[in-house]
Amino acid sequence: MKLTKDDVKKIAHLARLGLTDEEIEKFAPQLTDILNYVEMLSEVDTTGVEPTSQVTGLANVTREDEVDQSLSTPDELLETSELPVVDHQLRINRMM
Amino acid sequence: MADLTWLSIAEAHKGLMAKDFSAEDLVKASFERIKATEDLNTFLNLTEEEAIEAAKKVDAQIAAGETINPLAGIPGGLKDLFNMKGTLTTSGGLMLGNYRAPYDATVVRKLKAVDAAIVGKQNMDECACGVSNETSYYGNVLNPWNKENVPGGSSGGSVAAVASGQVMYSLGTDTGGSIRQPAALCGVVGFKPTYGRVSRFGANAMASSWDHVGPITRTVEDAALVMNVIAGQDIYDATTPEIEVPDYTAELGQSMKGLKIGVPKEYFVEGVDEDVKKIVMEAIDKYKELGAEVKEVSLPLTKYGVAVYYVTTPGELSTNLARLDGVRFGHQAEGEFKDIHDYFKACRGEGFGQEIKRRILVGTFVLSAGYADAYYKQAQKVRTLVIKEFEDVFKEFDVLMAPTSPVAGFKIGEKVNDPLAMYALDMLTIPADAAGIPAISIPCGFNEDGLPVGLQIMGPQFEESRVLKVAHAYEQATEWHKRHPEL
């Protein structure tokens with residue numbers, strides 16, 4: 001698997017990650033090396049093997065969906081932000 | 001008053017109860033030591049007021065004859081990815097450089113509940129990605145044994161702080177070796193418990209199916225004492241099971257007679273330095289003297305560990321870090337943007353360092369349509385086989401022993417432009433993370449350059465007590481843990 005500079009640009013777009021031309025230049029061969037290295041996983045016969053998602057085997061762990069403000073109140077949350085507070089809300093930059 | 005720098009938690013607790021010194025003395029000594037050795041660059045922020053306040057409270061409790069926890073009033077530090085209400089929690093990067101924690105992580109809440117004196121937040125590889133602490137936005141941490149060397153990573157600041165006598169313990173995280181590998185390189189104890197044994201709630205996530213929280217200490221007993229406080233089920237972390245937490249000190253001191261030790265030959269292959277192999281084999285021989293049975297064993301899937309890790313963890317990291325977009329969290333780019341995507345790209349492009357960008361790209365690729373089955377899913381299937389391989393071997397053996405790190409150390413800058421060489425340094429620590437089994441690194445000698453070497457001991461899931469007991473037996477039979485760097 002060889003990743004070209006165009007591939008890197010495409011992946012960076014999917015990840016919403018701004019890269020400089022120098023970074024694209026540098027990452028293309030480095031990512032190619034990494035993908036070539038992990039290629040070894042295809043040697044392993046995994047027919048009929050389930051993929052692991054939780055190593056200790058817990059499943060369907062749930063709790064009541066209740067609002068809990070014991071850890072932090074909305075006011076405390078507002079205090080920790082660097083953003084300006086207007087009307088008890090954070091004002092963020094205009095997006096559109 | 002005696003020098004308080006190198007006391008273990010257990011010794012300091014004893015001294016507090018005997019009124020040889022106060023908790024305030026301990027905390028002040030810690031801050032003095034941090035200042036005197038600040039060139040190590042271990043701490044990003046200090047929480048002096050809170051620590052002194054906790055110490056005063058503990059001193060009052062002692063004066064009133066109350067019973068206190070062994071961690072009460074003991075100075076400790078937190079890797080800077082643990083949320084501690086009101087403190088900056090940077091994860092070692094610019095992206096979260098201004099992020100102030102709005103709540104306490106569960107482990108922080110538990111430490112505060114026993115009046116532990118948390119002295120500050122520690123330097124680390126950015127977002128816990130790195131094996132040398134060189135990816136930190138806030139500069140290298142130096143290895144206390146040789147300041148030209150890296151301390152290991154990603155919990156480099158946390159480990160160097162313990163090794164240099166600044167604090168008596170730290171909390172770190174271990175995803176591919178980030179507690180044990182730096183512990184080996186800095187000559188201290190680093191313990192990674194079973195996956196889910198300690199809550200990760202409030203620890204900024206790297207790779208959720210791999211992240212573990214654990215203690216870094218100067219003795220095995222101290223690791224058990226910290227575990228006693230931080231372990232257990234947490235309703236805020238669905239991966240913590242409803243399994244009772246034992247007293248982790250209870251089995252310390254038990255005999256090694258008849259203990260079955262497996263030595264996996266794949267942990268002594270090419271790429272592992274000869275001096276490391278020799279020192280670790282001598283340590284394993286010590287167990288024979290103590291009455292244990294030692295036998296070579298084979299874990300053939302070991303060689304796939306690094307590949308499994310560098311597919312699955314970038315995948316999970318790329319999704320975990322997707323929330324850092326400069327809107328609710330994260331660095332905010334300045335300027336004019338043509339659309340929202342352009343703004344996201346600018347924030348993330350400026351906010352993340354090189355290693356994080358590399359891993360986000362790999363992770364996004366291995367999870368993308370057309371490649372997810374071949375890469376991510378295949379890696380998680382191989383991981384299933386790795387887990388099975390450990391389960392099988394633990395039917396015959398009580399514990400496994402191996403080196404923690406393939407090298408005793410390396411110079412700052414030496415490998416910085418070679419990501420694959422860096423990744424290979426986790427080859428011996430990744431498998432225990434892949435299988436979620438408890439594993440510890442303890443000091444077991446020094447190489448010719450005077451650098452410490454770590455012995456790794458692994459046990460089956462939820463057998464923390466056994467791993468600690470075995471590590472403790474070696475520590476009691478040797479003097480390595482009493483050697484400290486001259487600073």
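In this predicted model, helix α1 of chain A, which runs over residues 5–14, has A:V8, A:I11 and A:A12 as its buried residues. These residues lie on the same side of α1(A), because they cover an arc of only 100° around the axis. What they pack against comes from both chains, namely α2 (21–38) of chain A together with α11 (354–366) of chain B.

**Helix α1 of chain A and its partner α2**

- The axes of α1(A) and α2(A) are 9 Å apart, and the two helices pack at an angle of about 100°.
- The angle makes α1(A) roughly perpendicular to α2(A), because values of 65 to 115 degrees are counted in that class.
- On the side of α1(A) the contact is made by A:K5, A:V8 and A:K9, while α2(A) contributes A:I24, A:E25, A:F27, A:A28 and A:L31.
- Sorted by class, the residues of this contact comprise five nonpolar and three charged ones, with no polar residue.
- After α1(A) comes A:R16, a residue whose phi is positive, near 50°.

**Chain A as a whole**

- Chain A contains three helices and two strands, and along the sequence these elements follow the pattern α-α-α-β-β.
- The radius of gyration of chain A is 23 Å, whereas a compact globule of 96 residues would have one near 12 Å.
- Along the principal axes, the C-alpha trace of chain A spans about 55 × 45 × 20 Å.
- Of the 96 residues in chain A, 16% count as buried.

**The contact between chain A and chain B**

- Chain A gives 43 residues to the contact between the two chains, and chain B gives 53 residues.
- On the side of chain B that touches chain A, the elements giving two or more residues are α9 (305–320), α10 (340–351), α11, α12 (373–396) and α13 (419–424) of chain B.
- Among these elements, α12(B) supplies the largest share of that side, with eleven residues.
- By class, the side of chain B that touches chain A is made up of 29 nonpolar, 16 polar and eight charged residues.
- One of the elements on this side, α11 of chain B, is also an element against which the buried residues of α1(A) pack, together with α2 of chain A.

Terms used. Residues are numbered from 1 along each chain as its sequence is written. Chains are lettered from A and ligands numbered from 1 in the order in which they are written. This is a predicted model: local features need pLDDT of at least 70, side-chain atom pairs count only at pLDDT 80 or more; totals for chains, interfaces and linings use all residues. A residue is buried if 20 or more other C-beta atoms lie within 10 Å of its own, exposed if 12 or fewer, and partly exposed in between; C-beta atoms are placed from the backbone. Helices (H or I, at least four residues) and strands (E, at least two) are DSSP runs, numbered from the N terminus. The arc is that of the directions from the helix axis to the C-beta atoms. Two residues are in contact if their C-beta atoms, placed from the backbone, lie within 7 Å. The radius of gyration is taken over C-alpha atoms; the globule rule is 2.2 Å times the number of residues to the power 0.38. Axes are lines fitted to C-alpha atoms, for helices over the stretch in contact, and angles run from 0 to 180 degrees between N-to-C directions. Angles under 35 degrees count as roughly parallel, over 145 as roughly antiparallel, 65 to 115 as roughly perpendicular and the rest as oblique. Ala, Val, Leu, Ile, Met, Phe, Trp, Tyr, Cys and Pro count as nonpolar, Asp, Glu, Lys and Arg as charged, and the others, Gly among them, as polar.
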